[in-house]
Amino acid sequence: MLRICGKCRSCNKAYRKSAGKYLIDLAADEELLAGRRRQEWRFMEKSGPGVGVHFCDAALMDDDGNFLKTHYPRDNQWETP
């Protein structure tokens, strides 16, 4: 039986059922770019046990998948100012 219980509760339930070392919270309207999981995995492995969360920016796209902008401002080298 499908039960709608909200995003936070759903994420918490998924976390409790997970068995891996890392967990990706990916919503239905999100898409992981090619190589992103590996890039984040490398970051977490390099950071060590003192880091428990990794957050990245969002690329906003239109209905046709065309890039519009990032959520956070970026300079020409894609660095946040």
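Which side chain has a polar atom 2.5 Å from the backbone oxygen of Tyr72? The side chain of Thr70 does. Hold on to that residue; we will come back to it.

First, some ground rules. This is a predicted model, where local features need pLDDT of at least 70, side-chain atom pairs count only at pLDDT 80 or more, and totals for chains, interfaces and linings use all residues. Residues are numbered from 1 along each chain as its sequence is written, and side-chain values use heavy atoms, with hydrogens and water left out.

Now the overall layout. The protein chain has two helices and two strands. Their order from the N terminus is α-α-β-β. These elements are DSSP runs, numbered from the N terminus: helices are H or I with at least four residues, strands are E with at least two.

How much is buried? Of the 81 residues in the protein chain, 6% are. Buried means under 20% relative accessible area, exposed means over 50%, and partly exposed is in between, with a 1.4 Å probe and protein chains only. The accessible surface is about 7,800 Å². Carbon and sulfur atoms hold 53% of that surface. Those areas come from the Shrake-Rupley method with a 1.4 Å probe; for residues, only the protein chains shown count as cover.

Next, contacts, meaning heavy atoms within 4.5 Å. Take the contacts in the protein chain with a separation of 6 or more: 4% of them are between residues 24 or more positions apart.

Let's go to helix H2. It covers residues 36–47, and Arg36 is in it. What does Arg36 pair with? Glu40 forms a salt bridge with Arg36, and the closest N and O atoms are 2.9 Å apart. A salt bridge here is a side-chain nitrogen of Lys or Arg within 4 Å of a carboxyl oxygen of Asp or Glu. Both residues lie in H2, four residues apart, about one turn of the helix. Glu40 is buried, and Arg36 is buried too.

Arg36 has another partner. Its side chain makes a polar contact of 2.7 Å with the side chain of Gln39. A polar contact is a pair of N or O atoms within 3.5 Å; within protein, one must be able to donate a hydrogen and the other to accept it, and residues adjacent in sequence count only if both atoms are side-chain atoms. Leaving out residues up to four places away in sequence, Arg36 also touches His54 and Cys56.

By the salt-bridge rule, the count comes to two. The other pair is Glu45 with Lys21, where the closest N and O atoms are 2.9 Å apart. This pair links distant parts of the chain: Glu45 is in helix H2, Lys21 is in the loop between H1 and H2, and they are 24 residues apart. Glu45 is partly exposed, because its relative accessible area is 35%. Lys21 has 64%, so Lys21 is exposed.

Leu32 lies between helix H1, residues 7–17, and H2. Ile24 is in the loop between H1 and H2 as well. Together with Leu26, these residues make a nonpolar surface patch of about 230 Å². Patch residues have over 30% relative accessible area and no salt bridge; like charges are joined within 9 Å, and nonpolar side chains (Val, Leu, Ile, Met, Phe, Trp, Tyr) within 5 Å. Leu32 is partly exposed at 31% relative accessibility. Ile24 is partly exposed at 41%. Leaving out residues up to four places away in sequence, Ile24 touches Leu32 and Arg37. Ile24 and His54 are 30 residues apart along the chain, with their C-alpha atoms 9.6 Å apart.

On to the strands. S1 is residues 59–61 and S2 is residues 67–70; they run antiparallel, joined by three bridges. Two strands pair if DSSP finds at least two bridges between them. S1 and S2 form a hairpin with five residues between them. In the turn, Gly65 has a positive phi of about 85°.

Back to Thr70, as promised. Thr70 lies in S2. The bridge partner of Ala59 is Thr70. Is Thr70 buried or exposed? Thr70 is buried, because its relative accessible area is 13%.

Ala58 is partly exposed, at 35% relative accessibility. Ala58 and Thr70 are twelve residues apart in sequence, but 5.6 Å apart in space, C-alpha to C-alpha. Leaving out residues up to four places away in sequence, Ala58 touches Lys69, Thr70 and His71.
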